[in-house]
Amino acid sequence: MKHDAAAIRIAFVAPTLVFLIVIDLFPLLYNVFLSFTNAQLSSAAYDFVGTRNYSAVLGELASPRFQDALRTTGAFVVCAVAIELLLGFVLALALRDSFRGRSAVLSLLLIPMMLSPAVMGLFWNLILSAHNGVLNQALEVLGISGPHWLTDPHWKLPAVILVDVWMWTPFMMLIALAGLNAIPGYIYEAAEIDRASTWAVFRRITLPMTAPLLGLAVLLRCTDALKQFDLVMALTGPNDASTQTVSALLYQVTFAGQKVGLGGAYACVVLVVVIALASVFTRYLDWLAGKQGRSGQVAT
Amino acid sequence: MSFLRLSSVKKTYPDGTVAVKGVDLDVKDGEFVVLLGPSGCGKTTTLRMVAGLETCSAGKIELAGVDVTSLRPSQRDVGFVFQFYALYPHLSVRENVAFPLRCAGVRVAEIHARVDQVCERVGISPLLTRYPAELSGGDRQRVALARAMVRRPRVYLMDEPLGTLDADQRLEMCEFIRAQQQELGVTTLYVTHDQEEAMSIADRIVVMVDGNIRQIGSPTGVYDDPADLFVAGFVGSPGMNLIDGAVERREGRPVFVPKRSPLALPLPMEGDSGPATLGIRPEYVHANAHGPLGGVVVLDEYLGSHRFVHVETREGRIVMRSNQPHPPGSTVSLGLDLTHCRLFDGLSGRSRAHV
């Protein structure tokens, strides 16, 4: 009996385990292995080069193109996530009370989140096209002459941010909405009895009570935005100076430069950064769980 | 002089449910009035209308001579204690109690002093830095009470404040709330479905059923002279024993004739002949070998100092308060102390004393 139970346990876990090994673990280890070689995409032969790739990467970290990519990524993350947070929260506030057609509006707003980023990038490529793009035509109707979104270096990054905002604001809104709906109605009744003004209710109740969840959403979005690649790829290409994020640079080195070994070393360095971020993330989640335990209302 | 006056207050919800069908109530300054009734009777809705948390569908509410019917809760100057405390979970005890003062723009030093004072009064001074989730139910309710008291409102409104507490905490908080109210002399409207709680805390009890007031009276008045069969059965645990029958005259004197027994119980009061229900509290029923009503014991409810013996008779189940054990299955004859009985009209169910 005991052996049967163990066998069943293994049988249940095995598919996931195999999947993870094939999809996650093997590529990771293979990548680490490759990062110590001079492998190229075009040839199967390679030699071990020791830590030469890593010293190249460390040297690269100080290089202007990496610094630029870092700066671009930073600007992208800060702008995109901040706008998404603000817009998402405002939308959630507007949508928290029920009104006729609320669910229809909600469904419409969630569409961008459901679509593939690569496909959306291509669509936005058409929308943002300077002369016959829908956006500039619409602006023209309003009497505004739209910028050359995808060709003017000043407007390329804003264009990428615009599309990212369009895609991810619904996510922020959804989480903010969940946070708002989690505040029980009697809290607002108590505040009304306590003669709190509308502003006081927002500042002292709504905002602090949704803040932990908003923080979670910001962290999630930041980790995701930090590896921004697909939109850049689809809108401006991976080797555009004004929109080259770290991920795009990585791609450029690995595939366009065909240096798999060097790209692998890059990826390993990025992995370390991601793991560090992930630990910040899990710490925040732990802190949040502790705080909820402390301040959560006990429903009896 | 009435301090809080409700005049034909009604509440109909948008879905057509009529929660309150017309309530008239005068509460005197400094009085402790309890709205008592089973769940769904409209007592909480009535309280929430007084607070302004629900709008009135019809009628008028006056507070200290001012018509407040259309005012928002924040304009009415009321303190409200919620059944589930409704403390701000992200604020400490001190911040929770300070909240109403902060909203009123009171100076920081004064807020501090007043919060200290009120927390001292309700006995939560050692807990000021804690958060609501770290407190016991009783302490949370004390915090809720302190928050309601700190602004010194003109009326306290309490919605089943002890509903979620354990039995021992409940008694303690009940005494505590009563003592606070008497000391401060603040008019209080208090909702509960627990008639024992109502009896022990109220100056006056308002018994509500189905959105209507059935009786308004002192605890002893409601207990001794219930206005109708519902109040008779609802107030007291267990409620009054009720025996259906009729009032007749035998040899010129009124007697009560139970429906299913050939008995003529002499009545101490005058009464017109006709169908009636006789009500008698368990404490006026006793075991008596020569008693008129016989039956079989079905339950011997032991409560320490006394017991309630449930006896199945031809006239239905009669509960007797007793000091002697009566094993279930044994037969017993019951004597009724009719000087303490009450008569209810057989048709309307209204007390004959109240007609």
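Which domains does the domain assignment give for chain B? Select 2-232 for domain 1 and 239-354 for domain 2; such bounds come from an automatic or database domain assignment.

This is a predicted model: local features need pLDDT of at least 70, side-chain atom pairs count only at pLDDT 80 or more, and totals for chains, interfaces and linings use all residues. Residues are numbered from 1 along each chain as its sequence is written, and chains are lettered from A and ligands numbered from 1 in the order in which they are written.

**Between the domains of chain B**

The centres of domain 1 and domain 2, taken over C-alpha atoms, are 38 Å apart. In contact are 6 residues of domain 1 and 12 residues of domain 2 (C-beta atoms, placed from the backbone, within 7 Å). The domain 1 side has 4 nonpolar, no polar and 2 charged residues (nonpolar: Ala, Val, Leu, Ile, Met, Phe, Trp, Tyr, Cys and Pro; charged: Asp, Glu, Lys and Arg; polar: the others, Gly among them).

**A helix pair in chain B**

Next, select α3 (residues 108-122) and α4 (residues 137-150) of chain B. Helices are DSSP runs of H or I, at least four residues, and strands are runs of E, at least two, numbered from the N terminus. Show B:R114, B:V115, B:V118, B:C119 and B:V122 of α3(B) against B:R142, B:L145, B:A146, B:M149 and B:V150 of α4(B); these make the contact. They divide into 8 nonpolar, no polar and 2 charged.

**Where chain B touches chain A**

The contact takes 20 residues from each of chain B and chain A. On chain B, select β6 (78-81) and α2 (93-103), each supplying at least two residues. α2(B) gives the most, with 3 residues. The chain B side divides into 16 nonpolar, 3 polar and 1 charged.

How values were computed
Contact = placed C-beta atoms within 7 Å. Axes fitted to C-alpha atoms, helices over the stretch in contact; angles between N-to-C directions.
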